[in-house]
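Let's take a walk through a protein together, one step at a time. Keep the picture beside you as you read.

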Amino acid sequence: MNTSRLEAFSDGVIAIIITIMVLELKVPESTEWNALYSLAPKFICYILSFIYVGIYWNNHHHMLHYCNKVNGKIMWSNLFFLFWLSLMPFATAWMGEHYFEKNTTITYGILLILVAIGYTILSYQILQQEGKDSAYARAIGSSNKEKASIILYILGIASSFFESHLALLFYYAVAIMWIIPDRRLEKNINH
């Protein structure tokens, strides 16, 4: 099977994830400007999660351009990745609703690690399908950004135990590192 159905399905799931996240931003009952202040924690969480979902959507898109055909392992790996990503609206809402309390920021960090693991497994399965000498293998090469991301996620989780707001800085730092699509994939897209 070619990748078009997998890509279309994934795009649909990601669009629904973003829709669910934005629906968690409830309109204030008051029309006063200060009524928006109470939405600040939810909006901060929404921005962070929107960036993460966007990063994964962008890199997922580029990654699938290297994949010539889809097998069962790739399909299940993609579902595993989407499963963890689909929990982003829950973790986002919980953290924003409870003003970045310890357990919510820990849960968010754990989810970020699980999404990264899901994406890594999908990438590995595509590498296995395409081969170690493929354009995909040459494009992804090796990068320290993945390792740095996991370390920053762990630091975010650890910091949640004594200052949960600090965790957000670690989570935003990773998002900033990845805000530009993975250049390894993007520069070689015309393989």
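A polar contact is a pair of N or O atoms within 3.5 Å, where, within protein, one atom must be able to donate a hydrogen and the other to accept it. With that in hand, look for His60, which sits in helix H2. Please keep in mind that this is a predicted model. The side chain of His60 makes a polar contact with the side chain of Asn78, at 2.7 Å.

Is His60 buried or exposed? Its relative accessible area is 1%, so His60 is buried. Who surrounds it? Leaving aside neighbours within four places in sequence, His60 is in contact with Ser10, Asn78, Phe81, Tyr119 and Leu122.

Now let's turn to the nonpolar core. The largest one has 53 residues. Those with the most contacts inside this core are Tyr52, Tyr56, Leu85, Met88, Tyr108, Tyr153 and Tyr171. Which helices supply at least two residues each? They are H1 (4–23), H2 (40–65), H3 (72–86), H4 (88–97), H5 (102–130), H6 (135–140), H7 (145–160) and H8 (164–178). Helix H5 gives the most to this core, with 11 residues.

Not counting residues up to four places away in sequence, Tyr153 touches Tyr52, Tyr56, Leu112, Ile113, Ala116, Tyr171 and Val174.

Next come the aromatic rings. A pair of aromatic rings is described by the distance of the centres and the angle of the planes. The structure holds 11 aromatic pairs. One of them joins Tyr108 and Tyr171 in a tilted arrangement, 5.7 Å centre to centre with 45° between the planes. Tyr108 lies in helix H5 and Tyr171 in helix H8, so this pair ties together parts that are 63 residues apart in sequence. Both partners are hidden away: Tyr108 is buried at a relative accessible area of 0%, and Tyr171 counts as buried at 0% as well.

There are other rings to look for. Phe43, Tyr46 and Phe50 are linked by ring pairs into a cluster. Elsewhere, Lys145 lies over the face of Trp178, at 4.2 Å from the ring centre.

Let's finish with the cysteines. A disulfide is a covalent bond between the sulfur atoms of two cysteines. How many disulfides are there here? With a cut-off of 2.5 Å between cysteine sulfur atoms, the count comes to zero.

How values were computed: Residues are numbered from 1 along each chain as its sequence is written. This is a predicted model: local features need pLDDT of at least 70, side-chain atom pairs count only at pLDDT 80 or more; totals for chains, interfaces and linings use all residues. Side-chain values use heavy atoms; hydrogens and water are left out. A nonpolar core is a set of buried Ala, Val, Leu, Ile, Met, Phe, Trp, Tyr and Cys residues joined through side-chain atoms within 4.5 Å. Buried means under 20% relative accessible area, exposed over 50%, partly exposed in between (1.4 Å probe, protein chains only). Helices (H or I, at least four residues) and strands (E, at least two) are DSSP runs, numbered from the N terminus. Contact means heavy atoms within 4.5 Å. Rings of Phe, Tyr and Trp (its six-membered ring) pair if their centres lie within 6.5 Å; planes under 30 degrees apart count as stacked, over 60 as edge-to-face and the rest as tilted. A charge sits over a ring if NZ of Lys or CZ of Arg is within 6 Å of the ring centre and within 35 degrees of the ring normal.
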